[in-house]
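Keep the view open and follow along point by point.

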Amino acid sequence: MSDIQAVNNSPSDEIDLVELVKTLWQGKLAIAVCTVVFTVSAIIYALTAQQWWTSKAVITTGQYQNTADIRSQITNLYAVINNPSKINGILSSDTLLNDYITEFNAFDNKKAFIENNEIMKQYADEAKITDENKASFITRWAERISASQPDKKNQPDVYQLSFEATSSKLAHDLLVAYSDDISNKVRNDLIDELDAKISYHQQILQANKISLEANAKQQLANELIKTNYALDMAKSADVTKPLADMNNGELFQIELGTEALAEKSKVLKKIKDLSVFQPQLGIIQTKLDLLSKVKIDHNLALQSVRYLQNTDYPISRDKPKRPLIAVLGFLLGMMLGVAIVLLKSAFNKHVK
């Protein structure tokens, strides 16, 4: 047992720190050269690498007065529909915020912006985009556009918008342009939805009107037929004046007399207003007239969200992080230099 311990604790198996330091000191020139080369290379890279800046803005739900203009333009719609809460739901601040964030993060909207914005077109020209690498170019830039929640738990209605670009000014200008595009899209989608609801209610009312008109025409025709039959019967019975003691529940009202029946027949033939037989037709026509007067201005100002922090000009770059790159270059060069010296020393010992 003592022999085994003696073998394990033999000086040949222990690291000779003195020899290690001596070896590194002898190779100090190689270590220094390697460290300098990597540090200088890292500094050059940090100074020449593409810079990236991120512009940000903070938004939350809008206020009731932000939708006052569009509400005033659809007053007639409120008067027609049976459930105003459906319209209020579309115009609610929470709905508009959610629509804005959804559209902001939608890839299709990012793609359309990247393809059509003049600044992005310049980026594409500089990158010499072809049909083969166009999809990759769009995807890379789309990843630089985002809307996120910094504090989802405590501030669920607060979102941060961001756009990363190659300079502080470009990042700011692109975020402003993209935000404006999204605001316009939310407004246009909202107006299209309201127009669709107006059109839907007009179609329903028009269908009800056609049905009631057909029913009223049939009632008019039936009443005219019964009146003419009654007139013929009254003539045969020589009843010219109304009879007071006749039963009014008869199918043919000959008790009115020929004079009254003849006049009634003339009046029935002249009737144009079918609401006489279907009073609901008047109500439906009034609603249709109200809806026909609803004209929504597609260029109206609609602030779907409220800015807690306006779009800023970033004061510090995101990439490259120059001090970090320089430090990493220094450490990597020094470690590589040490590794080279130790490997060279070990190789020389092995050869001997």
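1. Start with T311, which sits in the loop between β4 (305–309) and α14 (322–351). Helices (H or I, at least four residues) and strands (E, at least two) are DSSP runs, numbered from the N terminus. At 17% relative accessibility, T311 counts as buried; buried means under 20% relative accessible area, exposed over 50%, and partly exposed in between (1.4 Å probe, protein chains only). Setting aside residues up to four places away in sequence, T311 touches S55, K56, A57, H172, L175 and V176, where contact means heavy atoms within 4.5 Å. H172 is 139 residues away from T311 along the chain, yet their C-alpha atoms are separated by 6.5 Å.

2. A word on what you're looking at. This is a predicted model, with local features needing pLDDT of at least 70 and side-chain atom pairs counting only at pLDDT 80 or more, while totals for chains, interfaces and linings use all residues. Residues are numbered from 1 along each chain as its sequence is written, and side-chain values use heavy atoms, with hydrogens and water left out.

3. Now the overall picture. The chain has 14 helices and 4 strands, and 33% of its 352 residues are buried. Take the contacts with a separation of 6 or more: 77% of them are between residues 24 or more positions apart.

4. Which residues touch the most other members of the largest nonpolar core? They are Y100, F104, W141, L161 and I296, out of 58 residues in that core. Helix α11 (residues 168–236) gives the most to this core, with 15 residues. A second, separate core has 5 residues, including L231, A234, V239 and L261. For the term itself, a nonpolar core is a set of buried Ala, Val, Leu, Ile, Met, Phe, Trp, Tyr and Cys residues joined through side-chain atoms within 4.5 Å.

5. Not counting residues up to four places away in sequence, F104 touches K110, I145, S146, A147, L161, S162, L175, Y178, S179 and I182. Pick S179 from that list and you land in helix α11. Is S179 buried or exposed? S179 is buried, with a relative accessible area of 2%. Beyond four places in sequence, S179 touches Y100, F104, L161 and Y307. The C-alpha atoms of S179 and F163, 16 residues apart along the chain, are 9.9 Å from each other.

6. Next, see how helix α7 (residues 93–105) meets α11. Their axes come within 9 Å and cross at roughly 125°; axes are lines fitted to C-alpha atoms, for helices over the stretch in contact, and angles run from 0 to 180 degrees between N-to-C directions. α7 and α11 are therefore oblique to each other. In the naming used here, angles under 35 degrees count as roughly parallel, over 145 as roughly antiparallel, 65 to 115 as roughly perpendicular and the rest as oblique. On the α7 side the contact is made by L96, D99, Y100, E103 and F104, and on the α11 side by L175, Y178, S179, I182, S183, K185, V186, D189 and L190.

7. Helix α9 (residues 118–126) also packs on α11: the two axes come within 10 Å and cross at roughly 130°. That makes α9 oblique to α11. Here I119, M120 and Y123 in α9 meet L170, D173 and L174 in α11.

8. What about helix α12 (residues 257–270)? α11 and α12 pack at an angle of about 155°, with their axes 9 Å apart, and they are therefore roughly antiparallel to each other. L220, E223, L224, T227, N228, A230, L231, A234 and K235 in α11 meet G257, T258, L261, A262, K264, S265, L268 and K269 in α12.

9. Last, the record. An unreviewed UniProt entry lists residues 29–47 and 324–343 as "transmembrane region"; such annotations may be inferred rather than shown by experiment. In the model, residues 324–343 are 100% helix and 0% strand, and the end C-alpha atoms lie 28 Å apart. A42 has its place in helix α3 (residues 28–48) and, at 9% relative accessibility, counts as buried. Leaving aside neighbours within four places in sequence, A42 is in contact with I325, A326 and G329. The C-alpha atoms of A42 and G329 are separated by 5.1 Å, although the two are 287 residues apart along the chain.
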